[in-house]
Amino acid sequence: MAAKGSSRTWRLLCFVATASLACGCATVINPPLNVPLPRGAAMEMTPPSTAMHENSIILSFSGGGLRAAAFAHGALLALESKRTPDGDLLGDVVLISSVSGSSLTAAYYGLHGRKGLATFRDKVLIPGFERDLSLSLNPVSLYHLLGAGLNSGGELGRVLDRDVFHGATFADLYRKSTVDVRIHATELYYRMPFPFIPAAFKTLCSDINRYPVAQAVAASMAVPMVFSPVVLRSYPGHCVAPAAGNDSIPNARVSHTLATISQAIKSYQEPPVKYAKLADGGLIDNFAVNEITLSRLFVGTPTAPMSERDAVRIRRLLFVTVDASRPSRGEWLEKEEGPEGISLALAGMDAAIDSAARFAADAFDRMVADWQRSIIDFRCGLSAEQVKNLGGPADFDCRAVSFAVAHLSVNDLPQPIGDRVASIPTRLALEPAQIDDAIEGGRLGMLGLPELHTYLDARTLPNRRSARP
């Protein structure tokens, strides 16, 4: 149960954490749990194929504690409820990108699929996780707070492994999942997104297949100072790592972010051993869209990150950002004084996170529009023989491609559910009624998206072919 007033304690901890960054006190060390690639091992560490269907949906889940996890769960339930000629809209989902609390939902769905939708509320959301955390302020907890964090990120991973993921590794996720699940954290030294994908582990010469899913989710949820960072180490010399440097990455010389990624890759590959410190993914990308945007820039081909075969197959693609963040709150907007003290510090933190998320979402929207134009240009430049070799249909229409972006936000929910969801705190334990409100908000919000109705209407037109493999 969520204790009364503990939401304020959580926010107070976040403030004290910010104020104590300059202190050098107790240090909590989380030993890295990633292992090296066997020497001479093949480098093909690939997740399940992200091959597009003729009709495909990509979801990105925001941060926001258990509120975000429940909200994202409601969105999945909504898609499952909408029938199509060959199943339902949940079957169209090919990729889920997540940060922070919503990574619980993404990883659980990846491992359990549709069956997991029936158990997620009672097995994961209702129990919560605060019973295993230190949140009270006392001399001992303050000592840890001024060091690396009140709680060990590694300990959070162990709790998640014990109660939710039961020893599952990424090998299990890749074997069981029907969708590409991408969990994201923040790499603190280089201040960039860190996706838990094979390519990222490859830069460390590390084997993602043997890494615990619970630790990835813990890293994605590791709010600084409330949790100490989750640690990964590099294994220089254990593999032939990808080439590094601005000349090896397309667009690195014209993108500050890609230039930073290039610098990080080069550092990880060179001796001595480096240690990547990972914290909450929502710190720099609370909508979980940056990695998708950057992957297009990183590869630098007309169809990227889609393959040429996918580019010929695709008919319509819907991106939905599922944003469980709460709107701005507080009475100081209507007063001359304020904010001050803790409220001022928290307002500054929220401004940094929310503005970065909005900029990322704007860049994502522009990228999708450019991507659609590029896909059409590629398709229309193919010969009939090339279309056939790439698996295109006999009645191939090069311009028959539609990409759309929909933004599901707590701000846009109907009332009274909107106010109820907006009042739910960012916590790792909630009352059952709050969990149910968040689930219902995500479900109603998804079902109310005009873009989803447009997609579904086109999806269910008679005589429309399905190219799903």
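Biologist: Which residues of helix 9 are buried?

Modeller: Buried means under 20% relative accessible area, exposed means over 50%, and partly exposed lies in between (1.4 Å probe, protein chains only). Helices (H or I, at least four residues) and strands (E, at least two) are DSSP runs, numbered from the N terminus. In this structure, the buried residues of helix 9 are Val 213, Ala 214, Gln 215, Ala 216, Val 217, Ala 218, Ala 219, Ser 220 and Met 221. Helix 9 spans residues 213–221 and is mostly covered, with 9 of its 9 residues buried.

Biologist: What should I keep in mind about the model and its numbering?

Modeller: This is a predicted model, where local features need pLDDT of at least 70 and side-chain atom pairs count only at pLDDT 80 or more, while totals for chains, interfaces and linings use all residues. Residues are numbered from 1 along each chain as its sequence is written, and side-chain values use heavy atoms, with hydrogens and water left out.

Biologist: Thanks! How many aromatic pairs does a search of the whole structure find?

Modeller: Rings of Phe, Tyr and Trp (its six-membered ring) pair if their centres lie within 6.5 Å; planes under 30 degrees apart count as stacked, over 60 as edge-to-face and the rest as tilted. Here the search finds 14 aromatic pairs. One of them is edge-to-face: Phe 194 and Phe 196, at 5.4 Å centre to centre with 75° between the planes. Phe 194 and Phe 196 are both buried. Phe 196 also pairs with Phe 201; their ring centres are 6.0 Å apart and their planes stand at 50°, so this pair is tilted. Phe 201 has 0% relative accessibility, so it counts as buried.

Biologist: Which residues do ring pairs link into a cluster?

Modeller: The cluster holds Phe 170, Tyr 174, Phe 194, Phe 196, Phe 201 and Tyr 211.

Biologist: Where does the charged end of Arg 233 sit?

Modeller: A charge sits over a ring if NZ of Lys or CZ of Arg is within 6 Å of the ring centre and within 35 degrees of the ring normal. The charged end of Arg 233 sits over the ring of Tyr 235, 4.0 Å from its centre.

Biologist: Which cysteines does a disulfide join?

Modeller: A disulfide is a pair of cysteine sulfur atoms within 2.5 Å. The structure holds 1 disulfide, joining Cys 380 to Cys 398 with an S to S distance of 2.0 Å. Cys 380 lies in helix 13 (residues 341–380) and Cys 398 in the loop between helix 14 (384–389) and strand 12 (402–409), so the pair ties together parts that are 18 residues apart in sequence. The torsion about the S-S bond of Cys 380 and Cys 398 is about 85°, so the disulfide is right-handed. With 32% relative accessibility, Cys 380 counts as partly exposed.

Biologist: Now the backbone. Which residues does a cis peptide bond join?

Modeller: One joins Pro 271 and Pro 272, with omega about -5°. Pro 272 is placed in the loop between helix 10 (256–269) and strand 10 (275–280). Another joins Ala 304 and Pro 305, with omega about 0°, and Pro 305 is in the loop between helix 11 (290–299) and helix 12 (308–313).

Biologist: What is phi of Cys 205 near, and where does Cys 205 lie?

Modeller: Phi of Cys 205 is near 55°, a positive value in a residue other than glycine. Cys 205 lies in the loop between helix 8 (198–203) and helix 9, and is buried, with a relative accessible area of 3%. Ala 288 has a positive phi of about 55° too, although it is not a glycine. Ala 288 is found in the loop between strand 10 and helix 11, and its 0% relative accessibility counts as buried.
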